[in-house]
Amino acid sequence: TRLVCLWSRSDVLLLPATTATVEGAENHELEGLTHYGYLLRRRCWRRVVEAISARQPAPAAFRTSAAS
């Protein structure tokens, strides 16, 4: 499992804004976007598509092992 967090210092719904980040995840700051801007701005959607398309291994903290 891979966790990607998109966040912005301009997001006034999450205070402090850094609470949208998770240690060990892929945290991407989207400068100048508001919480609603995540839905409305193309550059945010491009980042979502890039994250989904990226074939990167999950960080060790988020790897799950198959049950025996």
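Q: Which strand do 4 bridges join to β1, and do the two run parallel or antiparallel?
A: Welcome! Strands here are DSSP runs of E with at least two residues, helices are runs of H or I with at least four residues, and both are numbered from the N terminus. Two strands pair if DSSP finds at least two bridges between them. In this structure, β1 is joined by 4 bridges to β2 (residues 26-29), and the two run parallel. Within that pairing, Cys-5 stands opposite Asn-27 of β2.

Q: What kind of model is this, and how are its residues numbered?
A: This is a predicted model: local features need pLDDT of at least 70, side-chain atom pairs count only at pLDDT 80 or more, and totals for chains, interfaces and linings use all residues. Residues are numbered from 1 along each chain as its sequence is written, and side-chain values use heavy atoms, leaving out hydrogens and water.

Q: Which residues of β1 are on its covered face, and which on its uncovered one?
A: Look at strand β1, residues 4-7. Cys-5 and Trp-7 make up the covered face, while Val-4 and Leu-6 make up the uncovered one.

Q: Is Ala-51 buried or exposed?
A: The general idea is a set of cut-offs: buried means under 20% relative accessible area, exposed means over 50%, and partly exposed is in between (1.4 Å probe, protein chains only). Ala-51 has 17% relative accessibility, so it counts as buried. You will find Ala-51 in helix α2 (residues 42-53). Contact means heavy atoms within 4.5 Å; leaving aside residues up to four places away in sequence, Ala-51 touches Arg-2 and Val-4.

Q: How many salt bridges does the structure hold?
A: Side chains of opposite charge can pair when their charged atoms come close. A salt bridge is a side-chain nitrogen of Lys or Arg within 4 Å of a carboxyl oxygen of Asp or Glu. The structure holds 3 of them.

Q: Which parts does the salt bridge between Glu-26 and Arg-2 tie together?
A: Start with the distance: the closest N and O atoms of Glu-26 and Arg-2 are 2.5 Å apart. Glu-26 belongs to strand β2 and Arg-2 to the segment before β1, so this pair ties together parts 24 residues apart in sequence. Glu-26 is buried at 16% relative accessible area, whereas Arg-2 is partly exposed at 24%.

Q: Where do Arg-9 and Glu-29 lie?
A: These two side chains meet in a salt bridge of 3.0 Å, N to O. Arg-9 is in the loop between β1 and β2, and Glu-29 is in strand β2, so the pair ties together parts 20 residues apart in sequence. Arg-9 is exposed, at 58%, and Glu-29 is partly exposed, at 28%.

Q: In which helix do Arg-47 and Glu-50 lie?
A: Both are in helix α2, 3 residues apart, about one turn of the helix.

Q: How far from Asp-11 is the nearest side chain of opposite charge?
A: For charge, Lys and Arg count as positive, Asp and Glu as negative, and His and the chain ends are not counted. Asp-11 is buried yet has no salt bridge, and the nearest side chain of opposite charge, Arg-43, is 12 Å away.

Q: Which side chain makes a polar contact with the side chain of Asp-11?
A: A polar contact is a pair of N or O atoms within 3.5 Å; within protein, one must be able to donate a hydrogen and the other to accept it, and residues adjacent in sequence count only if both atoms are side-chain atoms. The partner is the side chain of Tyr-38, at 3.3 Å. The side chain of Asp-11 also reaches the backbone nitrogen of Leu-14 at 3.5 Å.
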